[in-house]
Amino acid sequence: MAETETNPLRRPLPDGIVPEGEVTRTENRWIAIVLGVLGVMMAVIVVTGVTNALHPPSNVEIIDPTTLHLGGEFAESNLGTAAEPDGSVTVRLIAEQYNFVPECVRVPADTPVKFRLTSADVIHGFLLVGTNVNTMVIPGFVAEVRTRFNALGDYRMPCHEFCGVGHQGMWAHVNVVPKGQFPHLSTTERTSCVQQ
Ligand code: CUA
């Protein structure tokens, strides 16, 4: 009988205690699974980076978040969509608790669009579903993302960094209009699509 074994190392383990060999096998299995998951995630990063231009924003530009409203690039009159001489457009937005300003912007389709954003208070996020646009908006820095819209219509942009009690209500949208129609809109209509 096992209970009569005198060598303590050979006595059967009490219920609930797993033999060391099995612990090692289980750990090795999980290490392999974790490495597999990491490999898949790395592959996703590389593949989406190459095929969809999805990549972390590389722009590093600082700005004083306490004086945004006093003038300069992010003064209120300068926000929204601006046409550039080369035919592209630049959209300037401020993210603040709990709004994007302006909360609706209009851009032409099939045109290079550069978003420039900064935060007036805490960290916010800026995401356009179905595009390569996805960045954090950090106070003190200007986030810059380039994209181009092929499909017309409204893209919703939720704040995707938790920024306080109003976070879930922090939404804005981008309205994409035909390229030929954009120049014929009034200045106000081109700059933003916020209801006047
Ligand atoms: Cu702003 Cu969440």
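Predicted model: local features only at pLDDT ≥ 70, side-chain atom pairs only at ≥ 80, totals over all residues.
**Stop 1: a helix and its patch**

Select residues 20-52. This is helix H1, and Ile33 lies in it. Now colour Trp30, Ile31, Ile33, Val34, Leu35, Val37, Leu38 and Met41. Together they form a nonpolar patch on the surface.

Zoom in on Ile33. How does Ile33 count: buried, exposed or partly exposed? Its relative accessibility is 42%, so Ile33 counts as partly exposed. The cut-offs behind that word are under 20% for buried and over 50% for exposed, with partly exposed in between.

**Stop 2: the disulfide**

How many disulfides does the structure hold? There is one. Select Cys104 and Cys193 and show their side chains. Their sulfur atoms sit 1.8 Å apart. The pair joins distant parts of the chain, 89 residues apart. Cys104 belongs to strand E4 (residues 104-108). Cys193 is in the segment after helix H2 (187-191).

Look along the S-S bond. The angle about it is -90°, and the link of Cys104 and Cys193 is left-handed.

**Stop 3**

Select Cys159. Its relative accessible area is 5%, so Cys159 is buried. Then move to Cys163. Here the value is 6%, and Cys163 is buried as well.

Note on methods. Residues numbered from 1 in each chain as written. Heavy atoms only, no water. Patch = residues over 30% accessible without salt bridge, like charges linked within 9 Å, V, L, I, M, F, W, Y side chains within 5 Å. Areas by Shrake-Rupley, 256 points an atom, 1.4 Å probe, with all protein chains shown as cover. Salt bridge = Lys/Arg side-chain N within 4 Å of Asp/Glu carboxyl O. Helix = DSSP H or I, 4+ residues; strand = E, 2+ residues; numbered from the N terminus. Buried < 20%, exposed > 50% of the residue type's maximum accessible area, 1.4 Å probe, protein only. Disulfide = S-S within 2.5 Å.
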